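Reader: I would like to learn how to read a model like this one, feature by feature. Where should we begin?

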Amino acid sequence: GPDHGHWSYADKAQWQLEYPYCGGQMQSPINIDTNSTIFSPELQPVVLAGCNLDPSEQLSLMNNGHTVVLQLPGSLTIASGYPQEHRAMQLHLHWGSPAGPGSEHTVDGRRYDGEIHMVYYNPSYESIKEAMRQPGGLAVLAAFLQVGPEDNVHYQPLLEQLDEIQEEGKETAVAGFNIEGLLPTNLGRYYRYSGSLTTPPCYQTVNWTVFNQTVLLSKEQISLLETTLQGDDDKDLQNNFRLTQSLHGRKVLASFQ
Ligand SMILES: NS(=O)(=O)c1c(F)c(F)c(SCCc2ccc(C(=O)O)cc2)c(F)c1NC1CCCCCCC1
Ligand SMILES: [Zn+2]
């Protein structure tokens, strides 16, 4: 992947020294002030295609030191909800620690327990490398993870493998499953804004969708996420979220009232 050298969440104030875009005016994540969002009825429900991956398909699940990443096939696409079709690249998670929550976006100042990001690219560009550098080149579907009353079976294929990839750099295989099950059931209610990758190189090329409905996992599942993986130099991989960034005048649209 791109040069994602030695940065860490501990030195996020220094990111912009080495990665200039990280100091830009269209950065993510942001706090979503629900009183300032603009209702935009033209925003159609997000519809995914090709998400029921065959169990014979093996997907790479990796601890890259910053998060747990599931590589996704380009056959998984966003069929509607964006100006044109986008193809999947990967999905990954952000979380906190037993001491506190770890979503990246916040809503009216509230931080949720965690957040899933499904990253897609606009195939009208020559390559993913090209797309990620172009405005509108990337789309990320984000949903908040919240503690609920019972296990979320859709997350088990990922969570049950975390102990296989505790150390940074470790990789394992996950059999194909229904990726859509990882998202909320209601994909018609969401916030939309223009922002960036929340990690260096912080390219300002992401058309963000943040779903209004949260995804419920059990306390045990959230705790597994918070306490299993190790990042750089064997420290616990926890609180892998960037602080919210200023809007600098950007508007946040809402597909619902
Ligand atoms: N929230 S986010 O989407 O900005 C994001 C993070 F916050 C992330 F923290 C990450 S992981 C850290 C960056 C990274 C590390 C290793 C590799 C690799 O081995 O290929 C790739 C990337 C991470 F991978 C992503 N998403 C990636 C950003 C990196 C470059 C574009 C590729 C897909 C999106
Ligand atoms: Zn992310």
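Author: Begin with the term polar contact: a pair of N or O atoms within 3.5 Å. In this predicted model, a polar side-chain atom of T198 lies 2.8 Å from a nitrogen atom of ligand 1. H92 has a polar side-chain atom 3.3 Å from a ligand 1 nitrogen, and for H94 the corresponding distance is 3.4 Å.

Reader: How much of the 630 Å² that ligand 1 exposes when taken alone does the protein bury?

Author: The protein buries 90% of that area.

Reader: How many residues surround ligand 1, and which are the closest?

Author: A residue is included if one of its heavy atoms lies within 4 Å. For ligand 1 that gives 19 residues, with N64, Q90, H92, H94 and T198 the closest. By class, seven are nonpolar, eleven polar and one charged.

Reader: Which strand supplies the largest share of that shell?

Author: The largest share, four residues, comes from β7. Both β7 (86–95) and β10 (114–121) supply at least two shell residues each.

Reader: What confidence should I attach to the coordinates?

Author: Where pLDDT is low, the predicted coordinates should not be read in detail. Here the mean pLDDT of the protein chain is 95, and 98% of its residues reach 70 or more. The model scores ipTM 0.94 and pTM 0.96.

Reader: How do I read a disulfide, and which cysteines form one here?

Author: A disulfide is a covalent bond between the sulfur atoms of two cysteines. The count for this model is one disulfide. C22 and C202 form it, with their sulfur atoms 2.1 Å apart. The link is right-handed, with 85 degrees about the S-S bond. It joins distant parts of the chain, 180 residues apart: C22 is in the loop between α1 (15–18) and β1 (31–32), and C202 is in the loop between β13 (190–195) and β14 (206–211).

Reader: Are C22 and C202 buried or exposed?

Author: Both C22 and C202 are buried. C51 also counts as buried, because its relative accessibility is 7% and the cut-off is under 20%.

Reader: What does the side chain of N240 contact in the backbone?

Author: Read its position and its contacts together. N240 sits in the loop between α4 (219–227) and β16 (253–254). N240 is buried because its relative accessible area is 0%. A polar atom of the N240 side chain lies 2.9 Å from the backbone oxygen of H66. The backbone nitrogen of W95 is 2.7 Å from a polar atom of the N240 side chain.

Reader: Which peptide bonds are cis?

Author: Look at omega. The bond from S28 to P29 is cis, with omega near 0 degrees, and P29 lies in the loop between α1 and β1. The bond from P200 to P201 is cis as well, with omega near 10 degrees. P201 is placed in the loop between β13 and β14.

Reader: Where are D108 and D233, and what is phi for each?

Author: D108 is not a glycine, yet has a positive phi of about 50 degrees. D108 lies in the loop between β8 (106–107) and β9 (110–111), and counts as partly exposed because its relative accessibility is 46%. D233, also not a glycine, has a positive phi near 40 degrees. D233 lies in the loop between α4 and β16. At 59% relative accessibility, D233 counts as exposed.

Definitions and conventions
Residues are numbered from 1 along each chain as its sequence is written. Chains are lettered from A and ligands numbered from 1 in the order in which they are written. This is a predicted model: local features need pLDDT of at least 70, side-chain atom pairs count only at pLDDT 80 or more; totals for chains, interfaces and linings use all residues. Side-chain values use heavy atoms; hydrogens and water are left out. A polar contact is a pair of N or O atoms within 3.5 Å; within protein, one must be able to donate a hydrogen and the other to accept it, and residues adjacent in sequence count only if both atoms are side-chain atoms. Accessible areas come from the Shrake-Rupley method with a 1.4 Å probe; for residues, only the protein chains shown count as cover. Ala, Val, Leu, Ile, Met, Phe, Trp, Tyr, Cys and Pro count as nonpolar, Asp, Glu, Lys and Arg as charged, and the others, Gly among them, as polar. A disulfide is a pair of cysteine sulfur atoms within 2.5 Å. Buried means under 20% relative accessible area, exposed over 50%, partly exposed in between (1.4 Å probe, protein chains only). pLDDT is the predictor's confidence in each residue, from 0 to 100.
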